[in-house]
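Work through the exercises below with the model open. Each task is followed by a stepwise solution.

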Amino acid sequence: MRKILVSLGFLVLAFLLVGPNPIHSQELKEIKLLKPLMDGGRPLMQVLNDRQSSREFSTDELPLQVLSNLLWAAFGINRPDSEKRTAPSSSNCQNIDIYAAMAKGLYLYGAKENILKPVLVEDIRAATGTHSFVKDVSVNLIYVADFSKLTEEIEEDKNYFSAANTGFISQNVYLYCASEGLATVVRGGIDRETLSKVMKLRPDQKVMFAQSVGYPKK
Ligand SMILES: Cc1cc2nc3c(=O)[nH]c(=O)nc-3n(C[C@H](O)[C@H](O)[C@H](O)COP(=O)(O)O)c2cc1C
């Protein structure tokens with residue numbers, strides 16, 4: 001009887017410590033993205049005419065094909081021979097990584113493998129910005145610069161080049177969203193120190209900007 005009571009005590013303690021619905025890291029699986037569809041999209045001039053920032057999102061998830069197209073448009077490989085991308089990159093350094101914070105966890109976009117690699121089995125959307133909508137939006141893209149890939153001698157140049165490299169990717173996302181009728185806004189309003197800790201980034205990885213993407217609020 002004593003043994004049973006001790007075991008029950010341990011179970012209650014474990015429940016209190018871990019919470020009612022523990023998620024284990026092994027549960028977050030890699031997401032195999034679909035081949036991006038190349039024959040969609042509206043005429044460029046109409047898309048440019050519609051590009052805008054929106055801050056009202058529905059909570060509906062993006063279908064896998066849309067997510068796949070979005071990430072490819074953002075910074076996918078468009079020339080397999082050289083592995084160059086849809087956005088330019090200073091000295092071809094390719095130093096921007098795209099993380100995707102979604103309800104089921106945090107992922108890293110692997111352009112070469114066309115996958116989303118699991119990073120954290122936590123919903124960190126609320127930490128991706130100071131705006132209240134970020135916690136509910138389908139995807140928050142986080143643009144992280146890897147400063148270890150930069151060779152500029154002047155430290156300040158590393159910031160300029162990383163910001164420019166990020167801007168091109170962000171504009172690709174804006175244009176894809178305008179073409180597909182999705183809502184998006186790029187955001188500098190981020191507590192970068194906290195977010196870096198939450199994402200467990202290395203000291204040479206710097207959060208540049210975030211960009212929320214979802215369907216517009218109905
Ligand atoms: C570098 C950069 C940082 C931005 N940061 C924020 C932000 O933190 N929050 C926000 O709501 N919008 C942010 N924006 C979006 C701008 O407010 C928006 O682009 C501007 O108001 C013009 O509106 P438009 O994009 O619809 O043309 C940012 C835009 C840029 C380029």
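This is a predicted model: local features need pLDDT of at least 70, side-chain atom pairs count only at pLDDT 80 or more; totals for chains, interfaces and linings use all residues.

**Exercise 1.** Find polar contacts of the ligand, using a cut-off of 3.5 Å between N or O atoms.

Solution. 
- Step 1. Start with a side chain. A polar side-chain atom of Arg 51 lies 2.6 Å from a ligand oxygen.
- Step 2. Turn to the backbone. An N or O atom of the Val 186 backbone is 3.1 Å from a ligand nitrogen.
- Step 3. Do likewise for Gly 188. Its backbone N or O atom sits 2.9 Å from a nitrogen atom of the ligand.
- Step 4. Check the cover. On its own the ligand has 610 Å² of accessible area, and the protein covers 52% of this.

**Exercise 2.** Describe the fold and surface of the chain.

Solution. 
- Step 1. Count elements: five helices and nine strands.
- Step 2. Read their order from the N terminus: α-β-α-α-β-β-β-β-β-β-α-β-α-β.
- Step 3. Of 218 residues, 45% are buried, meaning under 20% relative accessible area.
- Step 4. Look at contact range. Among contacts between residues at least 6 apart in sequence, 72% join residues at least 24 apart.
- Step 5. Finish with the surface. The accessible area is about 12400 Å², and carbon and sulfur atoms hold 57% of it.

Conventions:
Residues are numbered from 1 along each chain as its sequence is written. Side-chain values use heavy atoms; hydrogens and water are left out. A polar contact is a pair of N or O atoms within 3.5 Å; within protein, one must be able to donate a hydrogen and the other to accept it, and residues adjacent in sequence count only if both atoms are side-chain atoms. Accessible areas come from the Shrake-Rupley method with a 1.4 Å probe; for residues, only the protein chains shown count as cover. Helices (H or I, at least four residues) and strands (E, at least two) are DSSP runs, numbered from the N terminus. Buried means under 20% relative accessible area, exposed over 50%, partly exposed in between (1.4 Å probe, protein chains only). Contact means heavy atoms within 4.5 Å.
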